[in-house]
Amino acid sequence: MAPCKAPATALIIMLPGAYDTPQDFVRHGFVKAVRDRNISADVVMADTHIGYYHDDLVVTRLHDDLIMPARQKGYTQIWLAGISLGGYGSMLYSKRHGEAIDGMFLMAPFLGNRTLRAEILKAGGLVGWQAGDVAATDHDRQLWAWLKGYDRTDIQSRHLYPQLYLGYGTEDRFASSSQALATVMPPNQVMTTNGGHDWAPWQRLWGDFLDHNKLPKCV
């Protein structure tokens, strides 16, 4: 299907996994899936390779090079869509600049070190987990403590928590982390499919998310 005749009103910024490239989103049909659904959105595939994750450079580059210029251009919605490490980058950005985007869709997100994930799972998920004293250098614990905020319905700073959607394969190696995150999310914002940490389940999850109709249609 042809792109919209009018300028797109939404922007989707896609963040690849650690060993993937921006072009993988094209090769695996992610952009086509947007076009096939007549969605009024431009798609940018960020070249956020693993080197950008040192010193949170990914946050600065997303903010200065993509998101702030997009707001200045007049996009009314901006969504981050990240796979694996790209999901981690999406969360790092949202933790610091949640008010700058409308939402994020995380596909099989990497969620930090295994020891911390085990601690959260032992507590029964994020609802029962307490972060305790968080060191300034413990970025993973800071991130999980921020994610725990999605469970609070009375947050005065709700605008700092963009809409969150999550998808993962039931055999994915990060499935337990996703399950822990899902404990603070509405069930209709969590999607699962069969499969592991690979493109086939991610393709299905992407289609499921687009079918939630969170993005505007062409008119």
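View 1. The six strands of the open sheet follow the order 2-1-3-4-5-6 and pair in parallel; strands (E, at least two residues) and helices (H or I, at least four residues) are DSSP runs numbered from the N terminus, and two strands pair if DSSP finds at least two bridges between them. Strand 2 (41–45) and strand 6 (190–193) each have a single partner strand and stand at the edges, so one side of each lacks a neighbour in the sheet. From one strand to the next, the twist averages 15°; angles run from 0 to 180 degrees between N-to-C directions, with axes fitted to C-alpha atoms, for helices over the stretch in contact. The model is predicted, with local features requiring pLDDT of at least 70 and side-chain atom pairs pLDDT 80 or more, whereas totals for chains, interfaces and linings use all residues. Residues are numbered from 1 along each chain as its sequence is written, and side-chain values use heavy atoms, leaving out hydrogens and water.

**View 2. Strands 3 and 4 with helix 4.** Strand 3 (residues 77–83) and strand 4 (residues 103–107) run parallel and are joined by five bridges. Glycine 82 has leucine 106 of strand 4 as its bridge partner. Helix 4 (residues 85–97) packs on the sheet, where it touches strand 1 (10–15), strand 3 and strand 4; contact means heavy atoms within 4.5 Å. The direction of helix 4 makes about 140° with that of strand 3.

**View 3. Helix 7 on the sheet.** Helix 7 (residues 175–182) lies across strand 4, strand 5 (163–169) and strand 6. Its direction runs at about 150° to strand 5.

**View 4. The crossing of helices 5 and 6.** Helix 5 (residues 114–122) and helix 6 (residues 139–148) have axes that come within 10 Å and cross at roughly 30°. Leu116, Arg117, Glu119 and Ile120 of helix 5 make the contact with Asp140, Arg141 and Trp144 of helix 6.

View 5. Eight of the ten residues of helix 6 are buried, that is, under 20% relative accessible area with a 1.4 Å probe and protein chains only. Among them are Gln142, Leu143, Trp146, Leu147 and Lys148. The cover over the buried residues of helix 6 includes helix 4, strand 4, helix 5 and helix 7.

Note on methods
Buried means under 20% relative accessible area, exposed over 50%, partly exposed in between (1.4 Å probe, protein chains only).
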